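Me: I'm new to this one. Can you walk me through it?
Reply: Go ahead and ask.

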Amino acid sequence: MKRLRIFACSTSYDFSLEICNELGTDLGKMEIIKFDNDNKFIRILETVREDDCFVIQTSMPPVDENLMELLIAIDALKRASAARVTAVVPYYPYVRSDKKDQPRVPITARLVADLLTAAGADRILTCDLHSAQIQGFFKIPVDHLTAINLLCEYLTHKKIPNLVVVATDAGSSKKAYRYAKMLHAPIAMLDKRRLGNDQEVEIEHVIGDVEGKNIVIFDDEIDRASSVKQAIEILIKYNIKDIYVGCTHPVLSGPAIERLRNLPIKEIITTNTIPLKNEKKLDNMTILSIAPLFAQAIKRIHTGQSIGKLLGET
């Protein structure tokens, strides 16, 4: 069997170390230099000839620079004669630009897929894409993990009574149903409208019974927290009790932290697909590590086992 090798780009060093500890292997040696002319240079510092290589980089600011770094790392591994290179992208770049919903606009998530493939990636491992259709943008295999089990197991252990799962819009109702099924909880839905390109949303109605209930709002990511803010402002009119918020990707851009700090949220549960600086961590925030799930997925990819079984699929 080919050797398993794991390499970390700039955004995912701690995450990659955690994966290596789970798998009982060492992190591969890779040199990353940024020249005075703003060009990136990457050199693999050990032989990877005919190895099964996984290079890990998540999407976070500066997004374009980190994406370019990943592309260069993939190219370096391919030119070093790696047998296979899997790009491990816990949070996918430009994930929300997944459709042409206005005239004369790009589908940037598709462009990213083309770039990763052109760089030489043989496989993609990612988590909770904004839309599952992004998998279809690739002509190479895509393994799509989810944090649903991780988040639901945590909430189940809390034994929260009278819990209702609230979908922030019709588009997220299918995902919310999966959460509700795992938590054995009813579901409610908010009527959300996005206001053009200004990144803000408008919520007018609640569909379902939330009166006097404990509420949990799930989403694949929290960006500016506008959806969460408006959802909670509507829900508190219904005499609800405790509010929980769960997401896979803590993007937390712009006014998100101030908005979340000022909302009556009992607990925010998220994962470490994106590393958070101290200024983006709140006292009521719980960060669950999803690195063990990625480690198991990497092990299964390396040994040719099913990823579906890892996620409880048939």
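Me: Where does lysine 159 lie?
Reply: Lysine 159 is in the loop between helix 4 (148-158) and strand 8 (163-167). Helices (H or I, at least four residues) and strands (E, at least two) are DSSP runs, numbered from the N terminus.

Me: And what are these values based on?
Reply: This is a predicted model, where local features need pLDDT of at least 70, side-chain atom pairs count only at pLDDT 80 or more, and totals for chains, interfaces and linings use all residues. Residues are numbered from 1 along each chain as its sequence is written, and side-chain values use heavy atoms, with hydrogens and water left out.

Me: Back to lysine 159. Is it buried or exposed?
Reply: Lysine 159 is exposed, because its relative accessible area is 71%. Buried means under 20% relative accessible area, exposed over 50%, and partly exposed in between (1.4 Å probe, protein chains only). Lysine 159 also has a positive phi of about 50 degrees, although it is not a glycine.

Me: Which phi does histidine 184 have?
Reply: Histidine 184 has a phi near 55 degrees, a positive value in a residue other than glycine. It sits in the loop between helix 5 and strand 9 (187-194), and its relative accessibility of 76% makes it exposed.

Me: Which residues of helix 5 are buried?
Reply: In helix 5 (residues 173-183), Ala176, Tyr179, Ala180 and Leu183 are buried. They are on the same side of helix 5 because they cover an arc of only 100 degrees around the axis. The arc is that of the directions from the helix axis to the C-beta atoms. Lys174, Tyr177 and Lys181 are exposed on the other side of helix 5.

Me: Why do residues three or four places apart point the same way?
Reply: An α-helix has 3.6 residues a turn, so residues with that spacing point the same way.

Me: Change of topic. How many residues of strand 5 are buried?
Reply: Five of the six residues in strand 5 (residues 84-89) are buried. Strand 5 runs parallel to strand 4 (residues 52-56), and five bridges join them. Two strands pair if DSSP finds at least two bridges between them. In this pairing, cysteine 53 stands opposite valine 85.

Me: What about strand 6?
Reply: Strand 6 (residues 123-127) pairs with strand 5 in the parallel sense over four bridges. Alanine 87 stands opposite isoleucine 124 of strand 6. The chain gets from strand 5 to strand 6 through helix 3 (residues 108-119), in a right-handed β-α-β crossover. Right-handed means that, with the strands pointing away from the viewer, the path from the first strand over the helix to the second runs clockwise.

Me: Which elements make a β-α-β unit with strand 5?
Reply: Strand 4, helix 2 (residues 63-79) and strand 5 make a right-handed one. The loop between strand 4 and helix 2 holds proline 62, which a cis peptide bond joins to proline 61, with omega about -5 degrees.

Me: How many disulfides are there?
Reply: A search of the whole structure finds zero disulfides (pairs of cysteine sulfur atoms within 2.5 Å). For cysteine 9, the nearest cysteine sulfur is that of cysteine 53, 12 Å away. Cysteine 9 counts as buried because its relative accessibility is 1%.

Me: Last one. Where is leucine 252?
Reply: Leucine 252 is in the loop between strand 12 (243-250) and helix 7 (256-261). It counts as buried, at 3% relative accessibility. Beyond its neighbours within four places in sequence, its contacts (heavy atoms within 4.5 Å) include Ile222, Leu260 and Met285.
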